[in-house]
Amino acid sequence: MNRTYIPVEESFARWRKDPEFMKEYDALEVPFAFYGARVHANLSQAELAERMGTSQSAIARLESGQIKPSTRTLEKLATATGMRLRIVLEAA
């Protein structure tokens with residue numbers, strides 16, 4: 001059986017054009033936000049790790065949700081990806 005594989009980054013770029021997808025994506029937890037920031041900056045896990053002063057395996061654990069980032073780690077992520085960190089508290 002022949003299978004065609006599409007890189008995740010290519011699929012994500014296509015999905016980002018769908019407003020409904022982006023609405024749901026934005027509602028996801030930190031691991032997806034971590035991944036999304038990296039993809040937005042067009043960085044590999046190793047490149048992001050280097051910019052943040054950590055290891056590629058630490059980035060993988062953050063993206064998989066195995067560990068939760070501190071505020072300082074989120075600040076480093078924002079700086080490394082050219083983004084701005086915004087933390088919002090909302091009523092449940």
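Here is a walk through this structure, from the whole chain down to a few residues.

What you see is a predicted model, in which local features need pLDDT of at least 70, side-chain atom pairs count only at pLDDT 80 or more, and totals for chains, interfaces and linings use all residues. Residues are numbered from 1 along each chain as its sequence is written, and side-chain values use heavy atoms, with hydrogens and water left out.

Let's start with the whole chain. Its secondary structure comes to 6 helices and 0 strands, where helices (H or I, at least four residues) and strands (E, at least two) are DSSP runs, numbered from the N terminus. Read from the N terminus on, the elements run α-α-α-α-α-α. Along its principal axes, the C-alpha trace spans about 45 × 35 × 25 Å. Of the 92 residues in the chain, 28% are buried; buried means under 20% relative accessible area, exposed means over 50%, and partly exposed is in between (1.4 Å probe, protein chains only). Now for contacts, meaning heavy atoms within 4.5 Å. Among those between residues at least 6 apart in sequence, 49% join residues at least 24 apart.

Next, look at how two of the helices meet. The axes of helix H4 (residues 45-52) and H6 come within 9 Å and cross at roughly 110 degrees. Such axes are lines fitted to C-alpha atoms, for helices over the stretch in contact, with angles running from 0 to 180 degrees between N-to-C directions. H4 and H6 are therefore roughly perpendicular to each other; the scheme counts angles under 35 degrees as roughly parallel, over 145 as roughly antiparallel, 65 to 115 as roughly perpendicular and the rest as oblique. On the H4 side, Leu48, Arg51 and Met52 meet Thr73, Lys76, Leu77, Ala80 and Thr81 in H6. The residues of this contact divide into 4 nonpolar, 2 polar and 2 charged, with Ala, Val, Leu, Ile, Met, Phe, Trp, Tyr, Cys and Pro counting as nonpolar, Asp, Glu, Lys and Arg as charged, and the others, Gly among them, as polar.

Now zoom in on methionine 52, which is found in helix H4. Methionine 52 is buried, with a relative accessible area of 7%. Leaving aside neighbours within four places in sequence, methionine 52 is in contact with Phe34, Ile59, Thr73, Lys76, Leu77 and Ala80.

Follow that list to phenylalanine 34, which lies in helix H3 (residues 30-40). Phenylalanine 34 is buried, with a relative accessible area of 0%. Beyond four places in sequence, the contacts of phenylalanine 34 are Leu48, Met52, Ile59, Leu62, Glu63, Pro69, Thr73, Leu74 and Leu77.

Back in H6 (residues 71-81), you'll find threonine 81. Threonine 81 is buried too, with a relative accessible area of 9%. Setting aside neighbours within four places in sequence, threonine 81 is in contact with Ala37, Arg38, Ala41, Leu43 and Leu48.

One last stop: the aromatic rings. A search of the whole structure finds 1 aromatic pair. The rings of tryptophan 15 and phenylalanine 21 have their centres 5.6 Å apart and their planes at 45 degrees, so the pair is tilted. By the rule used, rings of Phe, Tyr and Trp (its six-membered ring) pair if their centres lie within 6.5 Å; planes under 30 degrees apart count as stacked, over 60 as edge-to-face and the rest as tilted. Tryptophan 15 is partly exposed at 42% relative accessible area, and phenylalanine 21 is partly exposed at 25%.
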